[in-house]
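Hi everyone, thanks for making time today. Let me put the model up on the screen, and then we can walk through it together.

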Amino acid sequence: MNFRFISDFIPAGDQLEAINSLINGVKQGSPYQTLLGVTGSGKTFTIANVISQINYPTLILSHNKTLAAQLFKEFKDFFPNNAVEYFVSYYDFYQPEAYLPVSDTYIEKDFEINAEINRMRISATSALLSGRQDVIIVSSVSCLYGMGNPKNYKKNIIFIERGMLMSQMCFLKKLVSSMYSRNQINFTHGCFRVSGDTIDIFPVYENVPIRIIFYGNEIEEIYTFDFFSGRILNVLERYNIYPAGLFTSNKSHANTVIKQIKTDLHERVCFFNKSGKFHEADRLYKRVKFDIEMIKQLGYCHGIENYSRYFDGRKSGERPFCLIDFFPEKFLIIIDESHVTIPQIRAMYGGDRSRKMNLVEYGFRLPAAVDNRPLTFDEFESITPQKIFISATPSEYELHMCKGMVVEQIVRPTGLLDPIIEVRPTLYQIDDLMKEIKKRIDRDERTLVITLTKSMAEELSSYFLNIDIQAAYVHSDVNTFERVEIINKFRQGIFDVLIGVNLLREGLDLPEVSLVIILDADKEGFLRSYRSLTQIVGRVARNINGKAIFYADNITNSMYKTINDTNNRREKQIFYNKKFGIVPKQIKKKVATPLREINKSNNDNSIINDLFDVEIIFNNTQTVTYNFLKKTINKIRKMIFFSSKKLEFLEAAHYRDQLIKLENLMKNRFPNTK
């Protein structure tokens, strides 16, 4: 399929020139290009136009999950009929395995996986392997961490079609090899159940299960069905069942892997014994032997990623496979906010290696564990063909690599100006800050407050709540879905103030924000550098009343440069507006669908893991219809049942409370109905 770009807007300002320049650069084979676009100039719109006309599968790299989620929703809106996927780290909490020699402390690996994000990751890889051309993957830099061999993944794809001859037992063995588990009671993503000649499978990457009916050794029927009612949704002629996990192997290959692990274990134990490290030798021998037995019996073990080199068939030191290996030969890579993303890619390898080397040297892991790692920067550059950097403040690296291929987009089609910047003293700054916030609340506008530390953000949020100002904070300890939902509620006006440290800088599209406040603006450093200050100020460039306040007792070089450049851009935009008779218009943008919902089927019956905001109904009690209210009540009842099956009793209690409210509303609103 080709990309089908859908938008109510046409290129304006200098967008058309930027689009044509970038397309020509890609067609001419330029390995590096930079789109230097100011905040609010429509860089995402420009890139969407480029993707639709180039028609290459595209990887969009972002430096954090929050921005990746926003980009995912925007591209989903631009390309509703194409495969737009989301690929970020699936850990809500992650404590890596580590050893601290100074205190002789071993820290065991601990983590909490977000099942929904894991499902979206597998959906992304499945889309790439399906052979589709119209695939856009929006990802954080986690896509550069080690993954399974795509060849092994392809081998475990199960192709079925009506009339195919295959024994039921053979099919079940293939499902198990593809990491699906049998569960007759709790039938959920990644599981299958068997009833006579009927096998139900719930693919990890789909919203509805599929049913396969055998007649002897022949596949007689294939169809998708509703999870709760069992109603047939779509009859299929053929279907590809993709593996339920990204690390796959088979039993015959596992035997070869075990032999290689045993050989390396023997060599390493001998090395420790010769070096007089008998304790390390004994520790390593016991740990690896236990892992080998687990792999023999179950096909996996805890920490199996440390043996990924053996399963992938790689040599020592050879780079691991990653998401990029799942792309076809010709694809496009977009690096958003490149001035932050590129340094992040550079730093990933060093930090991971230093931690792993301690584990290897003290007998906790085999040397092969070091090869389960992110890509080095050189490896990243060597396997990515054509790159487009996007930034309002590109670094020296981007400008050097592009060798003049820099496309500027500095005029906003909306005519909006860069915000006015004021510098105010820190004395009584909280009192002054409160006055400014209340002005914005009276105008139904929002305020961003940028602090230097997480604790300061949390304390300031508590202070605001105590004086009846609705505030919230976001930082790296807040999980992915919650961050996105907080930002959506902020835009809706449920919160008037949003407080953050570093996550509220690059790329976030918040047109309701008319004031950004930067505390400790004169504390020169990474968080208050020229690029950081410029990006923060850019958050209010989408509002006609945009204003930034720096609370500082001195004007640093970074502050001076930010103020000077912002004033220069204001003058250019004012000249452009006068020349073409443009009157600045406030941007109005609908609040995006929550991330949990965005990748789900539009089918009303597909409600697994769904969330319902009952407050919306209560805000429209006079206009809500009987049928809609009854339908919502039925959905909530199903959610109570589903949550109880997952043993999520707190979640079930939450839905129960919603059900009671809805039933009372039904009695009051429609008293004569049953």
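Before we start, one definition for finding our way around: helices (H or I, at least four residues) and strands (E, at least two) are DSSP runs, numbered from the N terminus. What you see is a predicted model, where local features need pLDDT of at least 70, side-chain atom pairs count only at pLDDT 80 or more, and totals for chains, interfaces and linings use all residues. Residues are numbered from 1 along each chain as its sequence is written, and side-chain values use heavy atoms, with hydrogens and water left out.

Glu218 sits in strand 14, which covers residues 218–225. Together with Asp197, Glu220 and Glu221, Glu218 forms a negative surface patch. A patch here is made of residues with over 30% relative accessible area and no salt bridge, with like charges joined within 9 Å and nonpolar side chains (Val, Leu, Ile, Met, Phe, Trp, Tyr) within 5 Å. The place of a charge is taken as NZ of Lys, CZ of Arg, CG of Asp or CD of Glu. The accessible areas come from the Shrake-Rupley method with a 1.4 Å probe, and for residues only the protein chains shown count as cover.

So is Glu218 buried, partly exposed or exposed? Buried means under 20% relative accessible area, exposed means over 50%, and partly exposed is in between (1.4 Å probe, protein chains only). Glu218 has a relative accessible area of 33%, so Glu218 is partly exposed. Leu233, over in strand 15, is also called partly exposed because its relative accessibility is 27%.

Now to the salt bridges. How many does the structure hold? There are 33, where a salt bridge is a side-chain nitrogen of Lys or Arg within 4 Å of a carboxyl oxygen of Asp or Glu. Take Arg211 and Asp200, whose closest N and O atoms are 2.6 Å apart. Arg211 belongs to strand 13 (residues 210–215) and Asp200 to strand 12, so this pair ties together parts that are eleven residues apart in sequence. Arg211 is buried at 17% relative accessibility, and Asp200 is buried at 5%.

Next, Asp264 and Arg309 meet in a salt bridge at 3.3 Å, N to O. This one links distant parts of the chain: Asp264 is in helix 7 (residues 251–274) and Arg309 is in helix 9 (residues 308–312), 45 residues apart. Arg309 is buried, with a relative accessible area of 11%.

Then there is the bridge between Arg314 and Asp312, with an N to O distance of 3.3 Å. Arg314 is buried at 7%, and Asp312 is buried at 9%. Elsewhere you can find a network of salt bridges that links Glu422, Arg424, Asp432, Glu436, Lys439, Arg440 and Lys547.

On to the rings. The structure holds 27 aromatic pairs. Rings of Phe, Tyr and Trp (its six-membered ring) pair if their centres lie within 6.5 Å; planes under 30 degrees apart count as stacked, over 60 as edge-to-face and the rest as tilted. Tyr90 and Tyr91 have ring centres 4.8 Å apart and planes at 90°, so they make an edge-to-face pair. Tyr90 is buried at 18% relative accessibility, and Tyr91 is buried at 19%.

Phe202 and Phe227 have ring centres 5.9 Å apart and planes at 50°, so that pair is tilted. The pair links distant parts of the chain, 25 residues apart: Phe202 in strand 12 (residues 198–202), and Phe227 in the loop between strand 14 and strand 15 (232–235). Both Phe202 and Phe227 are buried. There is also one aromatic cluster formed by Phe3, Phe5, Phe45, Phe75, Phe78 and Phe79.

Last stop, two backbone angles. Asn55 has a phi near 65°, a positive value in a residue other than glycine. You'll find Asn55 in the loop between helix 2 (43–54) and strand 2 (58–62), and Asn55 is buried at 16%. Asp520 also has a positive phi, near 55°. Asp520 lies in the loop between strand 24 (513–518) and helix 16 (530–537), and Asp520 is buried, with a relative accessible area of 16%.

Notes: Lys and Arg count as positive and Asp and Glu as negative; His and the chain ends are not counted.
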